[in-house]
Amino acid sequence: MKEAIKNRYEFVILFDVENGNPNGDPDAGNMPRIDPESGFGLVTDVCLKRKIRNYVETVKEDEEGYRIYIREDVPLNRSDSEAFKYLGVDEKSVKELKKKDPGADEKIRDFMCSNFYDIRTFGAVMTTFVKAALNCGQVRGPVQLGFARSIDPIISQEVTITRVAITTEKDAENKSTEMGRKNIVPYAVYRAEGYVSANLARKVTGFSEDDLELLWQAIINMFENDHSAARGKMAVRELIVFKHSKELGDCPAYKLFESVEVTRKEGIQYARKYEDYTVSIHEDRIPDTVEMMRKI
Amino acid sequence: MAVGVKVRVWGDYALFSRPEMKVERCSYDVMTPSAARGILEAVYWHPGMKWVIDRIYVVKPIQFTSIRRNEVKSKISANNVLSAYNGALKPLYISSKAEIVQRASLLLCDVEYVIEAHFEMTEQANETDNPGKFKDIIMRRLRRGECYHTPYFGCREFPVNFCLCEEDAIVTAYDGVEEKDLGYMLFDMDYSDRANIQPMFFRAVMKNGVLDLRDCEVIR
């Protein structure tokens, strides 16, 4: 296993959408998610995590140690004897494992963490052999993401479209076109915030510096391999990373997040492009020990 | 109460799941003592101490919102992993298409609390450990915003902002409400028997915006 990361990180992601639906709400007929009270748009944490998983899966193509556990479709079946190499166990010791070895859960946990990037990053829940082996049934990953929220209230526009091909014979008799609906957001900038805990990386999953670089890459490119009819034009515009000087961090996360201010420019009533916004970083609010990096 | 501490915590969303509604998750009206303990443990914990929550102040009004998400319904099967050990030709993954399920969660939004707590020493403390030492570390971490991992309100996607609360008089959203009965709430889990962890409940009554947990009757 590679060495785990040694610093706490916080990061801010700014991404925008143009004429697309960034994240549909199953409760509202797949309209873009909106916080009903304020009108701000939402994108859930799990939506972004899916994009990150997909990117890693696309780039790494099942490379050893970078596989993805929660997949969208059925991959090629591959045999798995990597565990033998990793743990140095053979048939005999595996049989002993089955005899309710109290450490079995932990070995399995480490095996899963070393093989699967998404478990190492976000954690996972596992069934356990040994009852009440609390630590092993649940792996908490070092990376935490909150919901993304738009900078301004959004409006969701319904676009009705037609289709000339009819699905069923019965319908073909009495109509010549089918109607469909698309919900789009004309334009919006969203902001998501995330956290990386070095302690969980070191003590639980072994999330390394290379993994972290891959995470930044995945965030920057998360929409590049995710184009579809529904999504419209989506792009990550900013990834601002705060690197603390130590594992526990140097200052409260909210102070760092507050130093990144995104405002609509004056005189712009309806933002329709990224240039309509100003991103200002108040460096005076960031302690000297915290390193700020703009990854894009 | 020489080793007491007050921590102000706030965030956009929170979800303290009611155990009787776990599938379509529904939050309690206020933070449970066990969630408060988890938040403090994310800041500092050591085997030689245990956190005891004394009071929870509800600083902002209780408001709910609903979010429906796609989730997977299964856990990683340890048995499958074990057979992969044996070199079995089994694919090792969860297909989100086959395991998909849509679940709504009823969340609290725009929450703020003040947690008042103290810690007690346990038998596992080393010889060099003493309450003063722990207290110093805790205070230092709260002032600098240091934490072991980012604390969260019930679920990891709802991060907690925290700072040390230095005011003596805490204004709550329910200062004028003499009594609000919140019914039975989860108090915490009883870990004394590791093989059989049991939940403990208590009758939560919020008086003038404060949930007092000292000497409350715990039902197992």
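Let's start in chain B, where Arg203(B) lies over the face of Tyr184(B), at 5.5 Å from the ring centre. Keep in mind that this is a predicted model. Chain A has a charge over a ring too: there, the charged end of Arg149(A) sits over the ring of Phe40(A), 5.5 Å from its centre.

A pair of aromatic rings is described by the distance of the centres and the angle of the planes. With centres required to lie within 6.5 Å, the count comes to 18 aromatic pairs over all chains. One of them joins Phe11(A) and Trp216(A): the ring centres are 5.3 Å apart and the planes stand at 75°, and because an angle over 60 degrees counts as edge-to-face, that is the label this pair receives.

Now look at Phe15(A) and Tyr190(A), whose ring centres are 5.4 Å apart with the planes at 5°, so the pair is stacked. This pair also links distant parts of the chain: Phe15(A) belongs to strand 1 of chain A and Tyr190(A) to strand 11 (residues 178–196) of chain A, 175 residues apart. Phe15(A) is buried, with a relative accessible area of 1%, while Tyr190(A) counts as buried at 0%.

Back in chain B, four aromatic residues gather in one cluster: Tyr44(B), Trp51(B), Phe119(B) and Phe134(B).

The largest has 55 residues, and the members that touch the most others are Val9(B), Phe16(B), Met31(B), Tyr113(B), Ile115(B) and Phe153(B). Several elements of chain B each supply at least two residues of this core, among them strand 1 (4–14), helix 1 (33–43), strand 5 (100–121) and helix 3 (131–144). Which strand of chain B gives the largest share of this core? Strand 5 of chain B does, with eight residues. A second, separate core of 41 residues includes Val17(A), Leu212(A), Ala218(A) and Leu239(A).

How values were computed. Residues are numbered from 1 along each chain as its sequence is written. Chains are lettered from A and ligands numbered from 1 in the order in which they are written. This is a predicted model: local features need pLDDT of at least 70, side-chain atom pairs count only at pLDDT 80 or more; totals for chains, interfaces and linings use all residues. Side-chain values use heavy atoms; hydrogens and water are left out. Rings of Phe, Tyr and Trp (its six-membered ring) pair if their centres lie within 6.5 Å; planes under 30 degrees apart count as stacked, over 60 as edge-to-face and the rest as tilted. Helices (H or I, at least four residues) and strands (E, at least two) are DSSP runs, numbered from the N terminus. Buried means under 20% relative accessible area, exposed over 50%, partly exposed in between (1.4 Å probe, protein chains only). A charge sits over a ring if NZ of Lys or CZ of Arg is within 6 Å of the ring centre and within 35 degrees of the ring normal. A nonpolar core is a set of buried Ala, Val, Leu, Ile, Met, Phe, Trp, Tyr and Cys residues joined through side-chain atoms within 4.5 Å.
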